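User: Can you walk me through this protein? Keep it short, please.

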Amino acid sequence: MTRECAVLLPGVCAALADPRQPGLDDTCLEKLLDWFRSLTWFDPTVEVLQDNPCLTELITSVLALPDPSPSILSFTLQLAGILASSESRFQHLQQEKLLGRLFGQEGPRGSTAWEDASVRSAWVKGVHSMVHHQPALHFLCSTGGMDVIFALQGDPSLFVASAASQLLVHMLTFSLESETSKALSAKDCDWPACAQMIVKHIEESLQSGSASHIEQSLKLLSSLFGSCFGNCYAAWTEVLWLHIAKQIESFLLEETVQAQPLLANLLLNVARSPVFCGTEGSFWALVTSALEHLTPVQAGPLAVGLLKLCECPQDVRIQALTVLLQPMDCILRAASQPLEYAGLLDESVSDPVTVESLLSSRTSCAGLLCQTLAHLEKLLSLKHLRVDLPCVSLLRSLMTLLQFCNGFLSPTSPLGSTISRNLINCFRVQKSALDVLAALSEKKDCDTLIGSLFDVLLAYLQSPNTSPTVLKKTFQATSKWLVHLQELSCSNSQWQQTEKILEDVFLVLQKRLCSPCWEVRDSSLEFLTAMVKCLRDQKEFRQCLLSSEVLRLTENLLEDPESYVRASAVTAVGQLAFITCFAPESPVTGNQYNKENTVAKLQEILSTDSEGFPRRAVISVFTTWLREGCTGQLEDAEQFVSRVIQTVERDLDWEVRLGGLELVEVFCSQTICQLSQCPYAPVSSAVTSSTPQNELLQVFCRAKLFGFLFRSLCDCDKPVGQRACDVLIGLRGHFYPMSTLENPQEIQDSPAGRGIAWLQRTLRQGSLAQNFPTDGGDGVDFQDPESMMLALGAIDLLELHDELNKSSDHVEESPQSLLQDILATVGTIEDNEVDCY
């Protein structure tokens with residue numbers, strides 16, 4: 001603690017304990033507690049209490065109040081717990097007889113203050129902070145504290161109940177940390193006293209027959225096995241499991257027990273423990289039983305969790321997959337009677353009638369399917385799935401489900417008709433099914449169904465009943481399957497099928513680009529952009545694109561009334577330019593789509609559009625073009641970048657200015673590479689000077705980069721200044737590779753020295769960018785190579801970098817400032833308006 005804080009602290013403590021003072025803002029109190037946590041964390045000695053007796057006086061004064069406010073009592077409980085977190089300070093507070101009056105029987109837990117949830121929460125938090133040494137554990141066990149914590153597990157406040165459960169997990173784990181004896185078996189086991197009380201409480205609660213007590217203990221066990229306990233205390237984990245396994249098994253078999261939904265999470269957390277890695281043992285038999293007896297909704301999370309485990313036995317893994325596939329199998333079987341294709345499953349884990357009844361109910365049908373589809377999408381995203389998914393049957397089931405949802409399938413079975421009625425226009429199921437459909441495009445086994453698949457996708461793209469959100473998902477799935485189709489065509493020479501599908505896709509895209517709904521136009525442009533990115537090198541794709549109206553319609557949308565659509569149109573035009581403008585032999589005839597026209601249109605948007613989104617999209621497109629080498633030789637790129645940054649630096653949107661700095665960074669990197677004559681880089685004809693460094697400086701000065709960069713250092717939006725500083729530090733690293741910076745005295749004596757000194761002072765003051773001279777004011781010439789070389793070598797950019805990276809409240813957030821704020825606030829009648837960090 002600094003001397004300044006030590007001087008202020010007694011006044012703060014006196015104000016906190018004074019009932020005449022107005023209550024402090026909770027944020028102030030929380031920040032004060034944060035400060036004490038940091039103080040005591042690094043210093044476990046008793047000195048903070050001995051050097052600051054005002055802290056114990058504060059606790060004593062609050063305890064002496066007949067009716068302390070809940071906020072001050074809560075603060076005191078938490079403060080005492082923090083101070084008692086080390087054994088030496090705990091003993092000191094015990095000698096003062098304070099801890100018993102706070103956390104013991106004579107404490108607030110028997111008073112009317114206990115009725116306030118914030119006081120109960122603070123009591124739990126204080127105990128949690130305190131329990132980091134054995135004397136604290138003994139204190140709680142001997143003063144009835146354990147019974148209080150057990151009772152708080154069922155507190156009406158969820159925050160208090162959760163905190164009590166977390167505290168019990170911490171206490172059980174901590175009580176075993178210092179235990180030297182090892183639990184080798186269920187018989188050879190001697191739990192430490194505190195742990196024994198917790199385990200006994202868990203066992204009694206599970207056997208109590210009380211639904212609330214059972215639920216609390218199952219949640220506690222789940223948290224316990226899900227914490228480091230299950231991994232770090234293998235022997236104790238096994239012993240604890242043996243104590244409760246029979247009771248857990250009975251819950252699975254008793255359908256009336258309402259705690260069943262909690263069992264799946266508990267079993268999954270136990271399964272993650274290394275103790276149960278082996279394939280033998282009764283635990284996995286219990287897991288198998290759970291997969292059979294839990295409802296499909298309850299078993300789903302357990303099944304997907306088991307499939308992610310490396311050490312799950314293969315037979316259990318197959319059973320878990322069967323649970324997940326059962327609803328999809330039911331969909332496939334309900335579509336036709338008799339079954340036209342093989343289903344997903346040879347046999348089911350649980351009774352198929354259960355799944356059929358859930359899918360037949362309007363209230364449960366969509367929920368079960370959405371949960372199942374979400375789990376399947378997770379599995380498809382895994383790189384190493386240790387069980388084979390029947391991808392072809394799954395794809396067929398997804399197509400059937402999507403046809404149920406849009407009414408394009410008329411099932412002949414009664415079950416199919418019921419499910420179809422439940423799912424018609426069900427957007428939730430449609431979106432989930434399309435996500436799984438997109439994920440399946442990565443699999444190589446579904447080629448035989450690709451024609452039928454595109455029939456389903458095109459039906460959704462064409463249907464006026466497809467909602468905008470479902471349409472967006474359909475576009476995303478279609479773009480992924482088009483990439484797969486293109487790969488398939490290249491290998492199998494199925495050009496005619498690919499060409500027909502592409503023609504159909506572009507026909508529907510033309511229609512959607514003219515939609516009156518802006519979300520549809522926006523999704524259509526995003527879809528077009530995604531297609532061009534992936535397929536622009538494919539001849540069939542380019543031919544279909546250029547023979548359609550898509551180019552004209554996309555260009556028209558650059559003037560769309562909705563700014564999101566204009567931004568998406570800009571991005572799409574940026575990608576289309578790789579086909580229309582930058583291809584070696586551009587297939588587009590006429591003047592409309594040439595490079596100059598396209599650049600001019602986008603530059604006009606950058607300088608005139610009233611919304612930020614389109615302007616951000618333009619600068620992003622320009623940066624992509626520059627990075628891809630589409631701006632021509634160095635002279636062309638130099639002029640291009642110069643024009644763009646002169647527009648960007650006047651932009652009011654900081655993200656546009658930030659994009660301009662990224663453009664400059666790419667240009668600098670490419671120019672350095674070219675003029676340094678990298679082995680594989682083309683050398684511009686502009687390289688005529690004697691040294692690459694001189695030429696570099698001349699290029700950067702002609703492009704007016706330095707003025708833009710130095711002005712950006714003082715931008716009122718900090719991310720812009722930070723990025724500009726990074727770029728300048730990178731340039732200095734190139735021009736001064738050995739840190740041989742300029743001598744400040746020599747610079748002052750040079751002709752440009754006065755201007756450089758002014759620039760250094762201005763940057764240190766952090767003046768706004770508009771205070772910078774536009775052309776050579778104060779002797780700074782940002783287009784003079786020699787001056788800019790001196791500026792890079794003389795200005796302390798690293799110091800500036802540190803300043804820019806400091807948080808804006810680095811002064812105000814100091815403990816001293818906090819204490820001063822509290823003292824300034826007390827004694828006022830108005831609401832607390834302290835600017836507490």
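Predicted model: local features only at pLDDT ≥ 70, side-chain atom pairs only at ≥ 80, totals over all residues.

Analyst: Residues are numbered from 1 along each chain as its sequence is written, and side-chain values use heavy atoms, with hydrogens and water left out.

User: How many residues are in the largest nonpolar core?

Analyst: It has 280 residues. Such a core is a set of buried Ala, Val, Leu, Ile, Met, Phe, Trp, Tyr and Cys residues joined through side-chain atoms within 4.5 Å. Buried means under 20% relative accessible area, exposed over 50%, and partly exposed in between (1.4 Å probe, protein chains only). Trp241, Leu306, Phe700 and Phe710 have the most contacts inside the core.

User: What does Leu306 touch?

Analyst: Its partners include Leu268, Trp284 and Val316, leaving out residues up to four places away in sequence. Contact means heavy atoms within 4.5 Å.

User: New topic. Which residue types line the second largest cavity: nonpolar, polar or charged?

Analyst: Three are nonpolar, seven are polar and none is charged. Here Ala, Val, Leu, Ile, Met, Phe, Trp, Tyr, Cys and Pro count as nonpolar, Asp, Glu, Lys and Arg as charged, and the others, Gly among them, as polar. A cavity is a set of points on a 1 Å grid over the protein atoms alone where a 1.4 Å probe fits but cannot get out; lining residues have an atom within 4 Å of a point. Asn425 is one of the lining residues.

User: What is phi for Asn425?

Analyst: Near 60 degrees, a positive value in a residue other than glycine. Asn425 is partly exposed, at 41% relative accessible area.

User: And is Lys97 buried or exposed?

Analyst: Lys97 is exposed, at 63%. Its phi is positive too, about 55 degrees.

Methods. 1 Å grid on protein atoms, 1.4 Å probe; cavity = no way out; pocket = protein on both sides within 12 Å on 5 of 7 lines; lining within 4 Å.
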